[in-house]
Amino acid sequence: MKKQFRVAADFDFEYAHNPERMSKYQEHTHASFELFYLMQGSAHFLIHDKIYRISDNTLLIVPPHVVHSIAYFSTAIERTVLHISENAVPDAFLASFKRLASSTLYIPANPSELTALVKHIHAEYQKKPFISEKRIQNLVQGLLSYLLCNASLPSSGLRITHPLINTFLRYIDENYEKNISLQEAAEHFYINRSYLSRLFHHHIGCTYPQYVRDIRFNVAKQLLLQTRSSVTEIANQVGFADSNYFSALFSKCEGSSPRKFRSRLTSCVEKHVGSVGKMG
């Protein structure tokens, strides 16, 4: 099932839930911003000479005139694509949104909330030919406002070309909460520790400890926003035995304590989701 609608020249929206026909798209560009939201499925998204491994509830923002493509790998795919011209972005949002788009990939603070915002837009487009352009503008502005509130949840893309590093990344993803040293990891793969360290830094652009820390913090952010677990419980869940050390390191890297992070973004999400809900 695939539906595409257009409101004047400023907005273009597409919803697709068609696992049988979706495989690989050719490289292409758009004159507008593209908001690609994968609600279900797994894929590789190529942009900025990087390959992003994406799965359920992942949002990508593609700036205008940037070459990109996608290859799907799962049998069940559900996604939306929203194109927004630069003219349609409010002046108050434009500079911040351009900075947001430069980072490309985002982890929604609360996937159900983002999905609700997107479905509001989808529902409005389904009213064709009785679509209210003003309402579409209001809904899109609510979505942009929501995304700007969640700008602290970016995730770096990885261009993976080395088979050992690709395998090593999967190993880290499956064991990030465990305190596995680089020496232990090297022994697991029967290779020299120094060689693995140099190879990892060359392909990933950071050290092994930094990469593990970033994964732990990204998971911790999701848990802070999606659960009611305490900071201590979340720290333990992502691999920190000492919650005080976790909080101190989180504050140093993210600019606020875990509790302040949770409070700030939760209130921001509630504010903007509520404003969109009132329009319905």
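How do the axes of helix α2 (residues 111-125) and helix α3 (residues 133-149) cross, and at roughly what angle in degrees? In this predicted model, local features need pLDDT of at least 70 and side-chain atom pairs count only at pLDDT 80 or more, whereas totals for chains, interfaces and linings use all residues. Residues are numbered from 1 along each chain as its sequence is written, and side-chain values use heavy atoms, with hydrogens and water left out.

The two axes come within 10 Å and cross at roughly 165 degrees, which makes α2 roughly antiparallel to α3, a term for angles over 145 degrees. Helices here are DSSP runs of H or I with at least four residues, strands are E runs of at least two, and both are numbered from the N terminus. The residues in contact (heavy atoms within 4.5 Å) are listed here.

| Helix | Residues making the contact |
|---|---|
| α2 | E113, L114, L117, H120, I121, E124, Y125 |
| α3 | R135, I136, L139, V140, L143, Y146, L147 |

The largest nonpolar core has 36 residues, and F168, F200 and Y211 are among those with the most contacts inside it; such a core joins buried Ala, Val, Leu, Ile, Met, Phe, Trp, Tyr and Cys residues through side-chain atoms within 4.5 Å, buried meaning under 20% relative accessible area with a 1.4 Å probe, protein chains only. Its largest share, ten residues, comes from α7. Apart from this core lies another, of 31 residues, including A88, F97, V118 and L144.

Overall, the protein chain comes to ten helices and nine strands, and buried residues make up 49% of its 280 residues.

Definitions and conventions. Buried means under 20% relative accessible area, exposed over 50%, partly exposed in between (1.4 Å probe, protein chains only). Axes are lines fitted to C-alpha atoms, for helices over the stretch in contact, and angles run from 0 to 180 degrees between N-to-C directions. Angles under 35 degrees count as roughly parallel, over 145 as roughly antiparallel, 65 to 115 as roughly perpendicular and the rest as oblique.
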